[in-house]
Amino acid sequence: MKTPAELPILMSQRSTLTKDLAISFLMQQGVENPDCLSLAAGLVDPETLPVEETLRAAQQVLATRESGIRALQYGTTPGSAQLRSELLTYFADLEKCSTESLGIDASQMILTTGSQQLLSLVCETLLDPGDICLVAGPTYFVFAGNLAGVGARTVTIPSDDQGMDPAALDHALEQIASMKELHRVKLIYAVSYYDNPSGVCLSTSRREQIVEIAKKWSREHRILVLEDAAYRELRYDGEEHPSVWSFDQERANVIYTQTFSKTFSPGIRVGFGIVPKDLVTAICERKGNEDFGSAHFNQKLIATVLRSGEYQGHLAKVRDGYRLKRDAMLAAAQKYFSDLPGVSWVHPKGGLYVWMTLPESLESGFDRPLFSQAVKHGVMYVPGELCYAGPVEDRPRSQMRLSYGVLPVDLIDEAMRRLADAVRETQSA
Ligand code: PMP
């Protein structure tokens, strides 16, 4: 007879859907190879973290007993009224219009624990097992995990240096319709600015076309575009693009998500979203069931730095710092990789990532010689095949996501030198 401690724990079927996710592999590799220079970690630069700004904001939030008590109490499920109203003004600034002409009210603004929570809530609220989400290839791998976690099917739409290809999106929906599966399509997911992992920014005309396509194929029910604008404010050069959301005149087909993680602090975990009016209750009910509101105190911190202008000042510094690091990585790519045949990379105009494509013969996965060689040389990257949704056998295998977020400029050069050595040695082995 076994003791209770020797008996197995029976997991839910749902929990098996989140086994072997890319993010778990990545975290594990980071733990196993602590001495490597990491071009893999998607973390923000520790040098940019706003310690003094946050201290000043906290002092302000806690300046009187009354304001302190308010901030330290539970908030509400959709989040602090003060921050939501502050965010309407902030978002109107981003959209270059007045708060009135946004055509939404504060109830449509929902505050979450990072934008990741909202991405996950959207999946849970909209997708039943077998429902379909169309995503770009490659795409943000944590979101691919969210989709897997609710049992959704994914259809990958090819993406180039302008982002997801609208003609391919339209064609995919046509095919789905011809297979009588249109009723299962709920979402189109797009990282609209400086994509994680590909670094590309969706062109303005494609933004408009994607909204048009979502509307065109909304027959019996609405097909929603989930616009993930996590990197919107990390623009270093190039054109400023209006959001995908701005092309949805009726404010009915696009869910918009953004975060303060990349531009201020991921530790504060404040993200927000704007959702169509008739989706607010379902999202809030789901969130209520999970946590009945994200950290109220942290929302007050963000409201304070937005109102004082400290956020905007900090953002300008963060942008300048990352621009230098982006330039350092591109210069190093040119220096160490340009003589390697069949190697190409995207020149991002913002964000934190350079997406590199190797010759097809050079596979980059965790279990391939290139990865071991890179680790031997003391450098790590994210294998590109982790950044796709759908069946593993259909994914390209010779790409890498290289992040310039964490390392300082001189170490970015060193890491790229090591990586190029690993590529050369693997190729000639
Ligand atoms: N979307 C994208 C594309 C991201 O890269 C990230 C962070 N890696 C997020 C959303 C979520 O970030 P957070 O939860 O910190 O807001």
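Q: Hi! How do β13 and β14 pair, and over how many bridges?
A: β13 and β14 (residues 399-403) are antiparallel partners, joined over two bridges. Strands are DSSP runs of E of at least two residues, helices are runs of H or I of at least four, both numbered from the N terminus, and two strands pair if DSSP finds at least two bridges between them. This is a predicted model: local features need pLDDT of at least 70, side-chain atom pairs count only at pLDDT 80 or more, and totals for chains, interfaces and linings use all residues. Residues are numbered from 1 along each chain as its sequence is written.

Q: Which residue in β14 stands opposite Val 382?
A: That's Arg 401.

Q: And what's the strand order in the sheet?
A: The open sheet of four strands runs β10-β11-β14-β13, with antiparallel pairing. β10 (344-345) and β13 (382-383) are the edge strands, each pairing on one side only.

Q: Switching topic: is Leu 306 buried or exposed?
A: Leu 306 counts as buried because it has 20 C-beta neighbours inside 10 Å. The cut-offs are 20 or more other C-beta atoms within 10 Å for buried, 12 or fewer for exposed, and partly exposed in between, with C-beta atoms placed from the backbone. Leu 306 sits in helix α11 (residues 296-308).

Q: What does Leu 306 touch?
A: Leaving out residues up to four places away in sequence, Leu 306 touches Glu 86, Tyr 90 and Tyr 311. Contact here means C-beta atoms, placed from the backbone, within 7 Å.

Q: Last one: which helix gives the largest share of the shell around the ligand?
A: Helix α6 (residues 114-126), with three residues.

Methods
Two residues are in contact if their C-beta atoms, placed from the backbone, lie within 7 Å.
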